Amino acid sequence: MGKYSLTIYDGVNEIGGTKILVENKSELFFLDFGKQHSKWLEYYEYPFSLPKTIDELIYLGLIPPPRNELKNLYTNVIGGEVSDIKDECESKVASCIFSHAHTDHTGYAFLLNRRIKLNFGLCSWRITEARLNYGLKSNIESNYYGFGLENGNINVFKSGSKIEDLDADVTAFAVDHSVPGSYGFLIDLGDVRIAYTGDFRWHGPARNLTSIFADKLKDFDADFIICEGTQFSNINSLTELDVEREAERLIKSSRKLIVANVSPLDIDRLYTFFKVARSCNRVLVLNMKLAAILARLSDLNIMNFPSLNRLLVYYPEKKRLVKWKRSFMAGVAKNEYYSRLSLYEYELGLKFRDLIRAEELISNPDNYILVTSYYSYDELMELYRCSKQMNKFDLLEGGVYIMSTSEPFQEEMEIKFEKLKNWIKILRMMYYPIHSSGHIRPLDLKSFLMEVKAKNIIPIHTEAQNFIENFLKDTNVNVVVPVKGKKISLTCV
Ligand SMILES: [Zn+2]
């Protein structure tokens, strides 16, 4: 038997930052290469202070040091510029396979050596591309120069397909999670079989995908299952249907403006609000970035996708807009195209119904649901100022602010959240949390592991690995508790 091992670099006893190194005889590949946001925020703040070099991130312990088998793991930075494939040194790591597009799984991907193949699900790649295009270019983490489909170092895969160019037999299967295009993997190393769930749940609109994955996993008879346990430290037992019912009841009882804070890639949640808006005779209004990302995904046949031509896009008062925003807005407004605009962004904008300004939201508050994200309070500030100018502040009073994403779990988010709450108070809106998690509920995880006849599990992406061990005491599942950066030998089966 050859050498088989796993080394988990981040995401051990913490949520996010997942980086799992798989050793298959002489081949090495990563599952996810994410960013641990809380640790990052100990040193940086978006968008004002950002990392400058890869060495800095290594020194701060935010990414693993490129020693021993990880030699040449990162791109060769020459004179401040990241390298082309031809200027890169040989790396033992052949590939990195991403389970889904959340940045706690993909955030450090573009620091990697350009000889390493990055494998994304099609939808994850589209989302990642959008993030790279709409983000800050000066950030080393989003400098993807040298990576591209045309260079052969970005591969896209679909559910049921095998990952190319690996000796290991790795098959991707779509699972239910709070971003479309999320995958679990079955990994056959020849003598040992492992599986990785990625982030997943069994209570969302796409739970049948998780059931199909469970069937495949049962037949696969994995020796080890690397599984997530996010919910163990913060349990939320609501389903997406519960969110829909509660939101519908709440919105039907209001004649005022509804603002809903939704995680920007949670298309299931957006679709829930799209349905609720229709049943309450309201129209959904999106912020520009959310609308542009959505438009980029509109040809992928995503289940439960809102009809873009029924949606409005909020027009911020800001006078100067960057090129992509100007182009996108011109498309939404159906203005004539001219050569200084980006045709691509203009055409994305054309897919939407129209623009809408703060004045209209204030004048007819019971016609709309305004969707925002990331604890943004810009829109609330603008609505306040505009309503004062119009002398119509009373029309905004008594609205409802639905927090439909998880509440902050980091200090910096906390600070922003406090400001948001203060603006909600100033507008005299009611704060109302209604959320269902993107992660598997503990009881569902137990049923899942029973169903697939799990033998050994390795819990990651959790702050409660010991709880999981206790929680599974009444089963035959053996819990292998990982230690950050320490090799787990897979030859003990
Ligand atoms: Zn996730």
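Colleague: Quick one: which residue of strand 4 stands opposite Leu28?
Modeller: That's Val93. Strands here are DSSP runs of E with at least two residues and helices are runs of H or I with at least four, both numbered from the N terminus. This is a predicted model: local features need pLDDT of at least 70, side-chain atom pairs count only at pLDDT 80 or more, and totals for chains, interfaces and linings use all residues. Residues are numbered from 1 along each chain as its sequence is written.

Colleague: OK, and how do strand 3 and strand 4 run, parallel or antiparallel?
Modeller: Parallel, with four bridges joining residues 27–33 to residues 93–97. Two strands pair if DSSP finds at least two bridges between them. Phe29 also has an opposite number in strand 4, Ser95.

Colleague: What about strand 2 and strand 3?
Modeller: Those run antiparallel, joined by six bridges. Ile20 stands opposite Leu31 there. The two strands make a hairpin with two residues between them, and Lys25 in the turn has a positive phi of about 50°.

Colleague: How many residues of strand 3 are buried?
Modeller: Six of its seven. Buried means 20 or more other C-beta atoms within 10 Å of a residue's own, exposed means 12 or fewer, and partly exposed is in between, with C-beta atoms placed from the backbone.

Colleague: Switching topic: what's the strand order in the open sheet?
Modeller: It goes 6-5-4-3-2-1-20, seven strands with mixed pairing. Strand 6 (154–157) and strand 20 (487–489) are at the edges with a single partner strand each, so one side of each has no neighbour in the sheet.
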